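Subject: Structure for your review

Dear colleague,

Please find the structure below, together with its sequence. My notes on selected residues follow it.

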Amino acid sequence: MAKLQEIYNQQGFLSALPVLDETELREARRAFAELEEEFGEEYTSYSLHNVHLKYPWVRNLTRHPQILRVVQAVLGQDVILLDSRFICKYPVLKPDAQERKEGETTPDGNVGESGLPYVAWHQDMRYWGIAGGPVLSVWLGLDDSLKENGALRVIPGSHCSGMLPHRQAIRPGNMLSVNQEIPEELLQTDEALLCPLLAGQMSVHDGLLVHASDTNMSQRRRCGFVIRYVPTCAYPIQDPDRPRKFHATELVCGADQFKHFSDKTA
């Protein structure tokens with residue numbers, strides 16, 4: 001674990017870490033399929049937010065030993081679950097359109113088509129209103145996450161540059177709820193790496209790491225469970241531009257001597 005922590009501190013991320021065994025993955029996919037059937041794909045693509053409060057199987061994922069082992073190695077022994085969300089990129093192109101578009105790029109060098117769903121270059125800390133400690137984001141794959149279906153892209157070491165300016169995204173289709181992006185002229189996108197995952201694996205990244213993902217140009221879903229963790233020393237800050245309430249926080253490891261997130265973590 002010390003080696004993983006060293007790599008994480010240098011690069012700002014870790015990828016392709018095993019979490020779910022075959023049985024666990026099968027059960028998680030079955031349970032998620034029930035949510036798709038109940039709510040529909042338009043809803044499950046991004047609106048299953050903090051449902052660890054409602055579904056025990058989701059809450060169990062946030063406390064999976066394989067996840068917490070890595071989280072504690074990075075953040076320390078006392079850890080709060082800040083937030084969770086399922087994110088699904090469903091196929092958006094018909095097979096004949098997919099064949100025409102395969103290999104084409106947008107003007108900014110990203111694979112995709114204007115208006116189709118993608119995630120612009122950004123830093124998570126821009127949105128979270130957290131100070132006093134880092135935010136660690138987990139992406140747990142329920143599906144394979146590959147180049148063709150819009151896997152995570154990161155710029156290694158970019159977390160060491162501090163908070164970068166964000167602006168309103170120019171290209172339509174940005175899945176970020178506040179539609180922001182970091183201008184590419186501020187980034188070394190030629191150093192970007194793809195982080196492919198097999199279903200059941202996870203990646204983790206620092207809240208200041210610059211990352212993005214392209215459009216799903218395949219005929220296969222790309223579904224992942226995103227979980228944010230903070231050390232108990234972290235605390236919420238007031239952001240008049242985007243007021244935040246943290247109603248879903250839970251203490252998942254150790255003890256909370258600070259109580260910065262009210263009695264939710266008691």
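A residue counts as buried under 20% relative accessible area, as exposed over 50%, and as partly exposed in between. With a relative accessible area of 45%, Lys-259 is therefore partly exposed. Please note that this is a predicted model.

Lys-259 lies in the segment that follows strand S14 (250-253). Although Lys-259 is not a glycine, its phi is positive, at about 60°. Ala-16, which is not a glycine either, has a positive phi of about 60°. This alanine belongs to strand S1 (residues 13-18), and Ala-16 counts as partly exposed because its relative accessibility is 36%.

Phe-225 sits in strand S12 (residues 222-231) and is buried because its relative accessibility is 0%. Beyond its neighbours within four places in sequence, Phe-225 is in contact with Val-58, Leu-61, Thr-62, Ser-84, Arg-85, Phe-86, Val-138, Trp-139 and Leu-140. The C-alpha atoms of Phe-225 and Ile-87 are 6.3 Å apart in space, while the two residues are 138 residues apart in sequence.

Thr-215 is located in the loop between strand S11 (211-213) and S12. Its relative accessible area is 1%, so Thr-215 is buried. A polar atom of the Thr-215 side chain lies 3.0 Å from the backbone oxygen of Pro-117.

With kind regards

Terms used
Residues are numbered from 1 along each chain as its sequence is written. This is a predicted model: local features need pLDDT of at least 70, side-chain atom pairs count only at pLDDT 80 or more; totals for chains, interfaces and linings use all residues. Side-chain values use heavy atoms; hydrogens and water are left out. Helices (H or I, at least four residues) and strands (E, at least two) are DSSP runs, numbered from the N terminus. Buried means under 20% relative accessible area, exposed over 50%, partly exposed in between (1.4 Å probe, protein chains only). Contact means heavy atoms within 4.5 Å. A polar contact is a pair of N or O atoms within 3.5 Å; within protein, one must be able to donate a hydrogen and the other to accept it, and residues adjacent in sequence count only if both atoms are side-chain atoms.
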